[in-house]
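Here is a friendly walk through one model, told sheet by sheet. Have the coordinates open as you read.

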Amino acid sequence: MGQGSPGSVGSQSITPHWQQQLLKCEMIRSSRSSHHRARASAMASRTVIKSAIPITNPNIVKPSTNTDITESSSKDPPGTPALSSTPALSAAESSPGTTSALINHPSSTVSPVTEAPRPTAKPPQNAWSSLDMGGINIKTIPPSSGLFTFTFLINLYLNHNALTSIPAGIAKLRHLELLDLSGNNLSTVPAELGMLTQLKELYLFDNHIVTLPPELGSLHQLQTIGVEGNPMDTSLKAIVQKDGTPALISYLRDSCPVPSPPPERLWKSLISPQEREALAADPATETLSALTYNILCEKCATERLYGYTPSWALGWDYRKELILTEIMNYDTDFLCLQEVDIAQYEDYFVKHLQGQGYEGIYWPKSRYKTMSDADRRLVDGCATFYKSDKYSLVERQLIEFSTVAMQRPDFKKTDDMFNRVLGKDHIAVICLFEVKETGTRIILANAHIHWDPAYRDVKLVQVALLVDEIEKIAANFARLPPRPDTPRAPVYSDGSKIPVIICGDFNSIPSSGVYEFLANGSVPPDHPDFMNHLYGRYTTDGLRHRLGLKSANATAGVLPLTNYTPGFQGEIDYIWYSTANLAVNAVLGEVDRGYLEKVVGFPNAHFPSDHICVISEFRVKPPRPPASLPAAS
């Protein structure tokens, strides 16, 4: 069956990488009998009273006895729980297993790292997560097989059968960590295997495989690819022999052809072409457009975090051109960018955007104050650009959430405050504008909220502080008299009459407390996202605001994936607007779903950040005459 054996390397020096490969190959070859793993597990567990036979990954690194899984239950899939030992595609009785795979489990978006930027997508809940179909002479798996509905599987054994091909539907089993296809009659493996980015072990021993599809380069967590016993291309085999599986995956990743680009994102209009023409013909109509975009700063775009992205596509020199081209092509009135470092703001974005009529406002995160001149240039922050021929900047204000929290007398200096809120240096930038021609006022906020799902309370506190500051700033802005050169400028009786737009990366999905607060105007003091921590009046009286906000995409009925990685796909970037004085004309639609089904995550050759930009066009609703309303509305 096999075209090679451990002895086939002869007298040449065996590297540790290849030695491990050969040991695993021998282990797999000894597992050729039917349901070998299930029966072996049964023998090993006869002294243990259980309702099912556990099958474990024999190659997994055993965790230490002291494992802290606080918060992990919501982020990490279970490890190698018990499974059915039946050969059928449908499983029999089984029971839950352990959480041993918490060790070295991937972060919520990408590779195994200490911090997880997003909640991790976990397998659907099921009582078993491994399936042993080895050694039972399966000749074919039809594309419509029910096997591909078992999306909860973590381990799948199809070894020592008579398979000549693997259907592309294998890509549906996105949570697989171990796949054994050894001892079959495979001459190729499908490129769709590259979609299984959770894979750590892929055994292809003893087949007829000559080459590997470059799409396997996205398997950035793969620890072992078993190729011994195949007439493998000597150059590919040499990479594994000399430098191991990670080197082969990197080679495949960086040599993979660029996939076809996606169709252009389409605008979703909320007004008819006739209404748009009428608005364009009406000199009293005022429209404005805003873009928000987390561009993924250079220092965060590392192979350690984005191992599925070709190195050339991850480089800043490549990405910055795509980012700049994209935002310049959309040519919106306002640009709200997050994760812009000081060096790139000063040396790149200001230089190029000035030529398109933009002026910028920028602040880095607070940590820059404690750094040397060289290091601080790598600190990221929020950059806001505006069309200077159309708008005048009246005032700008930095909101350092930790500083504002310290200044609140109702926030007691507790351990929660110091350890949770005050240690985060996230910021928002609030800018006050006037339309030069009409005197119409606009408040624009650009925010980047904390990322960690274990700090939902901090996210809620940061957004509440931001909204509180906006309401105070709006009240003061309303009291500012109109400019003498705009006699027809609107008169704002109070701050709630001024249009407000809040852009940013909120790191919060639509079911979060942050979204609930912004959209509904309140959350109760015992909201679960406070996590039983105490934050002054926020947790005694609850949160309230009077801005009357709504997400532009929600108004348009669009629920885009604004962040797309192997471990998380969801909406976390928003443009919020005050519904009393702004209306949505159009929003930029989603990325084509057919394209997304074929790529493992962003950034890639076509999308330079793990986020996509969100854009909305608004029209200003004229303020109601104050004479018809009480002075204090």
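## Strand S15 and its neighbours

S15 runs parallel to S16, and six bridges join the two strands. Helices (H or I, at least four residues) and strands (E, at least two) are DSSP runs, numbered from the N terminus, and two strands pair if DSSP finds at least two bridges between them. Across this pairing, Leu-444 stands opposite Ile-501 in S16. Strand S14 (residues 427-435) pairs with strand S15 (residues 441-448) too, in the antiparallel sense and over seven bridges. Two of the facing positions can be picked out: Ala-428 is opposite Ala-447 in S15, and Leu-432 is opposite Ile-443 in S15. S14 and S15 form a hairpin with five residues between them, and Gly-439 in the turn has a positive phi of about 85°.

How many residues of S15 are buried? Eight of its eight residues are, where buried means under 20% relative accessible area (1.4 Å probe, protein chains only). In a regular strand the side chains alternate between the two faces of the sheet. Arg-441, Ile-443, Ala-445 and Ala-447 are buried on one side of S15, and Ile-442, Leu-444, Asn-446 and His-448 are buried on the other.

Residues are numbered from 1 along each chain as its sequence is written, and side-chain values use heavy atoms, with hydrogens and water left out.

pLDDT is the predictor's confidence in each residue, from 0 to 100; its mean for the protein is 86, and 84% of the residues reach 70 or more. Over residues 1-11 the pLDDT is below 50, and this stretch has 27 contacts in the model beyond near neighbours in sequence; contact means heavy atoms within 4.5 Å. Residues 62-119 also stay under 50, with 170 contacts beyond four places in sequence. Where pLDDT is low, the predicted coordinates should not be read in detail.

## The six-stranded sheet

S15 belongs to an open sheet of six strands with mixed pairing, in the order S13-S14-S15-S16-S22-S19. Strand S13 (391-400) and S19 are the edge strands, each pairing on one side only. Neighbouring strands of this sheet are turned by 20° against each other on average, direction ignored.

Two helices pack on this sheet. H12 touches S13, S14, S15 and strand S16 (500-505), and its direction makes about 25° with that of S14. Axes here are lines fitted to C-alpha atoms, for helices over the stretch in contact, and angles run from 0 to 180 degrees between N-to-C directions. H13 touches S19 and S22, at about 20° to the direction of S22.

In helix H13 (residues 513-520), the residues Gly-513, Val-514, Tyr-515, Phe-517 and Leu-518 are buried. Among the elements covering them are helix H12 (456-479), strand S17 (522-523) and helix H15 (552-555). Just after H13, Gly-521 takes a positive phi of about 85°.

Six of the seven residues of strand S24 (residues 614-620) are buried, so S24 is largely enclosed by the rest of the structure. S24 pairs in the antiparallel sense with strand S9 (residues 287-294) over six bridges, with Thr-287 opposite Arg-619. Strand S23 (residues 582-588) also runs antiparallel to S24, joined by five bridges, and here Val-584 faces Phe-618.

The buried residues of H8 include Ile-342, Tyr-345, Phe-349 and Leu-353, and their cover includes H7, S10 and S12.

Definitions and conventions: This is a predicted model: local features need pLDDT of at least 70, side-chain atom pairs count only at pLDDT 80 or more; totals for chains, interfaces and linings use all residues. Buried means under 20% relative accessible area, exposed over 50%, partly exposed in between (1.4 Å probe, protein chains only).
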